[in-house]
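Hi,

Here is the structure I promised to pass on. Have a look at it first, then read my notes below.

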Amino acid sequence: MEKTLQIHYREVDSPDLLDPADRDLLQRAIEASRSAYAPYSQFHVGAALRLADGSVVTGTNQENAAYPSGLCAERTALFAASAQRPEMRDYQALAIVGCDAGGTLCEASPCGACRQVMAEYERLQQHPLRVLCYLAEGRVRLFQSVADLLPFTFQI
């Protein structure tokens, strides 16, 4: 039996076309990327997670000489929010940006491990987690659900 899979997302040509809350979230991810610890890859990633109460938790990638002991920005933000605010596991949106060592923004998309972690939090909260990814030349890709990033999740 053959089946078809559709992925739903939209792209905007500029962050200026986002609603104010999403623009702010993207800006918070950009600011977070500046404190990433990426001496090996020189690829600095920032993530900003908006909770239901409007608060924002940020994360950055953290590399380590004993690869793969580091951690991606997306998981850093999600794990920090879960640890700091366990009563507030109601996540609305996650913005992700990447930049080179000089601070020039470049395209970023979550790795497979981050997608799986994001999917688990989405499943736990029983409603979609919106994801915003900064693309090249100022465009932004928006997913209404992690399910569009990772349609076949691992579950036990």
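A definition to start with: two strands count as paired if DSSP finds at least two bridges between them. Helices (H or I, at least four residues) and strands (E, at least two) are DSSP runs, numbered from the N terminus.

It's a predicted model, so to speak plainly about limits: local features need pLDDT of at least 70, side-chain atom pairs count only at pLDDT 80 or more, and totals for chains, interfaces and linings use all residues. Residues are numbered from 1 along each chain as its sequence is written, and side-chain values use heavy atoms, with hydrogens and water left out.

The chain has 3 helices and 7 strands, in the order β-α-β-β-α-β-β-α-β-β. Of its 156 residues, 44% are buried (under 20% relative accessible area; exposed is over 50%, partly exposed in between; 1.4 Å probe, protein chains only).

Which strands does E4 pair with? E2 (residues 43-51) runs antiparallel to E4, with 9 bridges, and Gly46 sits opposite Val97 of E4. E6 (residues 130-134) is parallel to E4, joined by 4 bridges; here Leu94 has Val131 as its bridge partner. E4 and E5 make a hairpin with 4 residues between them, and Gly103 in the turn has a positive phi of about 95 degrees.

Cheers
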